[in-house]
Amino acid sequence: MYPRGVSQPEPIRFRAGNLTLSGELLLPDQGSSSSRSGRRDTPWVLLLPSWLPRDREGAFDDGAHPTWFGQGPLAPQRPGLLRRLAEALAALGVASFRYDPRGCGESHGDWAASDLFTRIDDARDALGAMRSRGELDLARTGIIGHGEGAAIALSVAIADPAVGALTLIGAPARSLRHHLRRGAANRSRSGTDRQHPLVEALDRWTEELIERTERREPELLLRLPGVARERVTLNLAAWEQGFHTPAIALATMLHRSVSLVHGRADAWTHPDDAELLQAVLEAAGNQPDLQVITGAGHELAEAPDQVIAQVAEDLAGRLVARPLPAVLLAIQEMG
């Protein structure tokens, strides 16, 4: 159930390339003045999930991939980070849209066959789809990116002047190659997420994946542990794109309002990546804030609701109106 004062989410389906993706638009309470007015005066945020198959809530996708992430005691933590953030934003009068990536949840496609650049295009298509909504203020648009979603958020915002503010959570700075190796070592020590067959298999096959990717091989057959002994064919072009698209390179081209949030106990991206990303953003002329949350991991599951509310409040306060390009200005004025 959604908290009091928050509207029920509206299911949305939109075209992304040749596929249909599914998501949810969560508007502030219908009793609020912005929701009643019918004008484009509701600020809004696009939420993008982290690595591996995720659903619109931001949790590992145990719905479409039950053998990859388990069910019952092995199932991912609920609610996921993106849903927690969406609820907190709605309580502040900010709308949000989150969607199931390709091959996840109710979206069409195949996650293992998709690549990074396609996921970037999907995020752009999600922005475009939401710009047809008459309630949303196109001049006050933000993006929250978690893990891989942080790199996608940077890619989208660089080319889209209407995106005014970003919050990057558990953001990587270095190459995906670096994060595969360091994350596998961290999770081997801590046991974090190793109950999920896909995570365990990726950690076990990290060096093989890296070597085959660097040899420009097209795919890797990943054998998952467990009774099912499922095999997953990974498209290595996706991993190569991640090797050659580090977030620090993207950050040099960004000139926006940015906040960085990182769990001190993150076993996927070390907090020193956030510090590096902060330095690069500052060198590019930005003024990024960095909040490191003690005791929280990559999912911020350990962070109390008050902390999540503070993250949402920080972003809501930075959603100030920006000049719009001519096409979006025309759409905004048409209402």
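Q: Which residues does aspartate 61 touch, not counting residues up to four places away in sequence?
A: In this predicted model, aspartate 61 touches Pro53, Arg54, Asp55, Phe69, Gly103, Cys104 and Gly105. Contact requires heavy atoms within 4.5 Å. The place of aspartate 61 is in the loop between strand 3 (42-48) and helix 2 (66-69).

Q: Why is aspartate 61 called buried?
A: Buried means under 20% relative accessible area. Aspartate 61 has 2% relative accessibility, so it counts as buried.

Q: What makes the pairing of aspartate 61 with histidine 65 a polar contact?
A: A polar contact needs a pair of N or O atoms within 3.5 Å. The side chains of aspartate 61 and histidine 65 make such a contact at 2.9 Å.

Q: How many Å separate the C-alpha atoms of aspartate 61 and arginine 264?
A: The separation of these C-alpha atoms is 24 Å, and the two residues are 203 residues apart along the chain.

Q: Is arginine 216 buried or exposed, and what is its phi?
A: Phi of arginine 216 is near 65°, a positive value in a residue other than glycine. The exposed label applies over 50%, and arginine 216 has 60% relative accessibility, so it counts as exposed. Arginine 216 lies in the loop between helix 8 (206-214) and strand 7 (219-223).

Q: What is the omega of the peptide bond from arginine 78 to proline 79?
A: Omega is near -5°, and the bond is cis. Most peptide bonds are trans. Proline 79 lies in the loop between helix 2 and helix 3 (81-91).

Q: How do you know that the length of helix 4 agrees with its number of residues?
A: Helix 4 (residues 116-130) has 15 residues, which at 1.5 Å a residue should span 21 Å; the end C-alpha atoms are 22 Å apart, so the two agree.

Q: Which residues of helix 4 are buried, and why are they said to line one face?
A: The buried residues of helix 4 are Leu116, Arg119, Ile120, Asp122, Ala123, Ala126, Leu127 and Met130. Seen down the axis of helix 4, these buried residues fall within an arc of 155°, so they line one face of the helix.

Q: What makes aspartate 115 a cap of helix 4?
A: A side-chain oxygen of aspartate 115 lies 3.2 Å from the backbone nitrogen of phenylalanine 117, and the cap is at the N-terminal end of helix 4. The limit for a polar contact is 3.5 Å.

Q: Why does aspartate 122 count as buried, and what does the residue touch?
A: Aspartate 122 is in helix 4. Its relative accessibility is 3%, so aspartate 122 counts as buried. Leaving out residues up to four places away in sequence, aspartate 122 touches Phe14, Ala16, Leu21, Tyr99 and Arg102.

Q: How many cavities does a search of the whole structure find, and what lines the largest cavity?
A: The search finds 3 cavities of 30 Å³ or more. The largest cavity holds about 290 Å³ of space. Its lining has 22 residues, and Trp51, Arg119, Glu148, Leu176 and Gly242 lie nearest its centre. Helix 9 gives the most to this lining, with 3 residues.

Q: Why is threonine 269 called buried?
A: Threonine 269 has a relative accessible area of 0%, so it is buried. The residue is found in the loop between strand 9 (257-263) and helix 11 (271-283). Leaving aside neighbours within four places in sequence, its contacts include Trp51, His179, His262 and His298.

Q: How do you know that the span of helix 11 agrees with its number of residues, and what do its buried residues pack against?
A: The 13 residues of helix 11 should span 18 Å at 1.5 Å a residue; its end C-alpha atoms are 19 Å apart, which agrees. The buried residues of helix 11 include Pro271, Asp273 and Leu277. The buried residues of helix 11 pack against strand 6 (163-169), helix 6, helix 10 (247-251), strand 9 and strand 10 (289-293).

Notes
Residues numbered from 1 in each chain as written. Predicted model: local features only at pLDDT ≥ 70, side-chain atom pairs only at ≥ 80, totals over all residues. Heavy atoms only, no water. Helix = DSSP H or I, 4+ residues; strand = E, 2+ residues; numbered from the N terminus. Expected span 1.5 Å × (residues − 1). Buried < 20%, exposed > 50% of the residue type's maximum accessible area, 1.4 Å probe, protein only. Arc of directions from axis to C-beta. Polar contact = N/O pair within 3.5 Å; in protein donor to acceptor, adjacent residues only side chain to side chain. 1 Å grid on protein atoms, 1.4 Å probe; cavity = no way out; pocket = protein on both sides within 12 Å on 5 of 7 lines; lining within 4 Å. Points joined across faces, edges and corners; volume = space filled by probe spheres on them.
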